[in-house]
Amino acid sequence: MQAMVHVDASAAKHRVERAGLDNIRHIDVHALWLQEHDIRRIAPLSKIPGTENPADLMTKHLDARKVGEHLTRMNVVFMSGR
């Protein structure tokens, strides 16, 4: 199974798809790591709508229906027992 990085911000996707530092003065090393993995197709970027981004689970207040949709998208299943 191949890893895929989902982003909902066009600016973030374009930053990773550009090679090198360009004219940015302050950049985190993780951005360069993402560039390398995107170029080598190890963890390619994929643009998704913001409403479908499961990262919203930890960054926004969501209703139960939306939480359920995100958990389903991430293949999370609740089971009883230990």
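Met4 lies in the segment before β1 (5–7), where strands (E, at least two residues) and helices (H or I, at least four) are DSSP runs numbered from the N terminus. The model is predicted: local features require pLDDT of at least 70, side-chain atom pairs count only at pLDDT 80 or more, and totals for chains, interfaces and linings use all residues. Residues are numbered from 1 along each chain as its sequence is written, and side-chain values use heavy atoms, with hydrogens and water left out.

Met4 has a relative accessible area of 42% and is therefore partly exposed. This class falls between buried (under 20% relative accessible area) and exposed (over 50%), with a 1.4 Å probe and protein chains only. Leaving aside residues up to four places away in sequence, Met4 touches Pro44 and Ser46. Contact here means heavy atoms within 4.5 Å. Met4 and Ser46 are separated by 42 residues in sequence, yet their C-alpha atoms are 7.0 Å apart in space.

The protein chain contains four helices and two strands. Their order along the sequence is β-α-α-β-α-α. Of the 82 residues in the protein chain, 22% are buried. Contacts between residues at least 6 apart in sequence were also examined; 43% of them join residues at least 24 apart. The accessible surface of the protein chain comes to about 6,600 Å². Carbon and sulfur atoms account for 58% of this surface. Accessible areas come from the Shrake-Rupley method with a 1.4 Å probe, and for residues only the protein chains shown count as cover.

Helix α4 spans residues 64–73 and includes His70. Three of its residues, Lys66, His70 and Leu71, are buried. They lie on the same side of α4, because they cover an arc of only 135° around the axis. The arc is that of the directions from the helix axis to the C-beta atoms. Ala64, Arg65 and Thr72 are exposed on the other side of α4. The cover over the buried residues of α4 includes α3 (56–59).

His70 has 0% relative accessibility, so this residue counts as buried. Again leaving aside residues up to four places away in sequence, His70 touches Thr51, Glu52, Asn53, Pro54, Asp56, Leu57 and Leu62. Beyond the helix, α4 is followed by Asn75. The phi of Asn75 is positive, near 60°.
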